[in-house]
Amino acid sequence: MKMKRLLVWGALVTSISGSAIPVWAAENTSQEKGDNPYAAQEARIHEVLTTVMEKHLNDRLDVKRLTDGAIRGLLEETGDPYSSYFTEKEFEDFYNDLEGTFAGIGILYTQQKDGKLIIQSIFEGSAAAKADLQEGDEVIAVDGRRTYGQSIDQVMELMKGEPNSSVVLTVKRDGKERSVTLKREQMQFSPVDSLMLDNKIGYIALYTFSENSAEIFRKHLSKLESDGMKGLIIDLRDNGGGYVDAAIGIADIFIDNGTIVHIKNREGKQSDIRATAGAMKVPMAVLVNGRTASASEMLAGALQDYKVGTVIGTKTFGKGIVQATMPLEKGGILKLTVEEYFSPQMNKINGKGIMPDIVIEKPDDQLMRAITYLNGSTALRLNPDGTASIAGFPAAEGIAKKVGTQWFIALRPFADLYKCQVYWDNQSQQVVFRCGDTTRKYSVKDNPYVHNENGTVWVALNKLSSDFPAIYVEKRDQSIFVHVK
């Protein structure tokens with residue numbers, strides 16, 4: 001926080017006893033002669049530091065902390081929010097965040113609407129996996145503190161700790177509670193995830209640009225290729241950037257012999273980084289949003305300029321500058337803005353961002369638009385084991401369920417997903433559902449095709465498919481695919 005320059009005149013007593021009143025010299029803004037043009041300003045800083053350490057009422061001030069604060073204040077006065085100073089420990093934490101390294105037990109959560117905290121997935125080989133925790137287990141308490149009603153962020157705070165320290169987790173499965181003691185381990189999130197969606201549309205999510213992101217990206221891409229990928233979605237939403245070289249390495253996969261990025265230094269000298277010969281040809285959509293920044297914008301801008309990827313979503317953040325890290329001889333590390341970059345067509349990114357080719361506001365709509373753009377399927381898939389997926393992604397709980405041998409569809413989330421409309425007709429006491437050009441009313445009382453559970457209306461799938469020409473059902477590979485025209 002910038003220190004406020006504020007003098008409070010109040011209970012100040014000045015004793016003058018035979019001594020002259022000091023006359024403050026005017027600030028000398030001229031530079032001292034010699035080889036060091038900053039000598040006068042260095043002397044000012046030294047004088048303040050010495051005076052504070054020798055005269056301040058608090059005689060236990062830490063000179064290193066004062067100096068760290070002075071350096072941070074100096075960088076703050078540059079007006080650049082991306083230049084900063086780190087102590088060695090702070091830089092270690094910064095680096096670990098960038099690389100996705102953390103101390104944990106290996107679980108990811110998803111929070112249900114009723115306030116319960118459910119384990120979504122478990123890292124293979126992690127402490128959680130060794131303790132036989134499973135997906136779907138409900139987390140009841142952390143170190144004896146109940147989690148019900150708390151946010152995921154609040155629970156994650158309870159979970160934090162140093163490597164090799166222990167945490168006690170209480171979980172519930174099949175109505176039975178049990179507590180397990182787990183040891184936190186040094187772990188690393190993968191910066192890349194991938195999935196083959198329906199109709200052979202490959203999906204790769206890039207969370208950050210760590211040192212090995214390009215290498216891991218290539219492995220995921222190769223796997224999708226070998227599985228018969230016909231189109232590719234690269235998801236850069238919420239990716240705040242990272243190493244420039246990683247973004248350049250990924251852009252090089254899809255750009256043939258052209259400039260990937262133009263870079264200018266403080267003197268205006270420009271250097272161009274070019275792609276190598278050869279490029280992968282695949283229909284591509286790139287997802288971005290307002291938190292897509294820095295190296296992510298470099299990648300998105302290059303793919304957009306060469307028209308090898310159609311950018312979908314909302315305008316990006318607008319951080320088109322490069323920081324270099326500089327270890328200091330006397331301790332600490334500077335992260336300093338040293339260059340600005342521009343897209344292959346010399347479009348300015350810093351302060352402007354990248355405007356998508358197709359602007360879509362809602363996150364779910366962004367993904368669905370990318371899938372349909374690549375001629376992928378957005379069908380709701382109902383599996384024999386009672387699970388559901390949409391376009392190949394696991395569906396959120398509460399859109400479809402199997403009762404006996406019959407499937408029921410929750411109208412509200414189904415309508416939101418497929419641009420249908422649903423509302424309650426208070427006069428007739430019926431739910432009204434419109435999909436395509438057809439509208440139907442359903443009574444929720446004594447209706448074998450309709451269930452009302454805590455305000456959520458479920459309708460039998462066979463009833464919907466018979467009532468609405470826009471909804472049709474396909475049975476394939478023991479699964480049911482629900483299509484909406």
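1. Let me start with a pair of helices: H7 passes H8 in a right-handed crossing. On the H7 side, the residues that make this contact are Val244, Ala247, Ile248, Ile250, Ala251 and Phe254, and they meet Ala295, Met298, Leu299 and Leu303 of H8. Sorted by class, the contact of H7 with H8 has 10 nonpolar residues, no polar and no charged ones. Please keep in mind throughout that this is a predicted model.

2. Now the geometry of that pair. Two packed helices are described by the angle between their axes and the distance between the axes. H7 covers residues 244-254 and H8 covers residues 295-305; their axes come within 9 Å and cross at roughly 20 degrees. Angles under 35 degrees count as roughly parallel, and H7 and H8 are therefore roughly parallel to each other.

3. How many of the residues of H8 are buried? The count is 11 of the 11, so H8 is largely enclosed by the rest of the structure.

4. Another helix pair to look at is H1 (residues 39-55) with H2 (residues 63-76). Their axes come within 11 Å and cross at roughly 145 degrees, and H1 passes H2 in a right-handed crossing. Leu49, Val52 and Met53 of H1 meet Val63, Leu66 and Thr67 of H2. The classes here are five nonpolar residues, one polar and no charged.

5. Threonine 147 is worth a click in your viewer. You will find this residue in the loop between strand S6 (145-146) and helix H5 (152-159). Is threonine 147 buried or exposed? Its relative accessibility is 2%, so threonine 147 counts as buried. A polar atom of its side chain lies 2.7 Å from the backbone oxygen of valine 139. Beyond residues up to four places away in sequence, threonine 147 touches Val139, Ile140, Ala141, Val142 and Val155.

6. Isoleucine 263 sits in strand S13 (residues 259-264). With a relative accessible area of 7%, isoleucine 263 is buried. Which residues does isoleucine 263 contact, leaving aside neighbours within four places in sequence? They are Lys269, Gln270, Ser271, Ile273, Glu339, Glu340 and Tyr341. Alanine 275 is 12 residues away along the chain from isoleucine 263, and their C-alpha atoms are separated by 14 Å.

7. In helix H9 (residues 363-373), the buried residues are Asp365, Gln366, Leu367, Met368, Ala370 and Ile371. H9 is followed by asparagine 375, which has a positive phi near 60 degrees.

8. Finally, here are two loop residues for your backbone check. Aspartate 132 has a phi near 65 degrees, a positive value in a residue other than glycine; aspartate 132 lies in the loop between helix H4 (127-130) and strand S5 (138-142). At 44% relative accessibility, aspartate 132 counts as partly exposed. Asparagine 199 has a positive phi near 65 degrees, again in a residue other than glycine, and is placed in the loop between strand S10 (192-197) and strand S11 (201-206). Its relative accessibility is 43%, so asparagine 199 counts as partly exposed.

How values were computed:
Residues numbered from 1 in each chain as written. Predicted model: local features only at pLDDT ≥ 70, side-chain atom pairs only at ≥ 80, totals over all residues. Heavy atoms only, no water. Axes fitted to C-alpha atoms, helices over the stretch in contact; angles between N-to-C directions. Helix = DSSP H or I, 4+ residues; strand = E, 2+ residues; numbered from the N terminus. Parallel < 35°, antiparallel > 145°, perpendicular 65-115°, else oblique. Left-handed = near helix turned anticlockwise from the far one by under 90°. Contact = heavy atoms within 4.5 Å. Nonpolar A, V, L, I, M, F, W, Y, C, P; charged D, E, K, R; others polar. Buried < 20%, exposed > 50% of the residue type's maximum accessible area, 1.4 Å probe, protein only. Polar contact = N/O pair within 3.5 Å; in protein donor to acceptor, adjacent residues only side chain to side chain.
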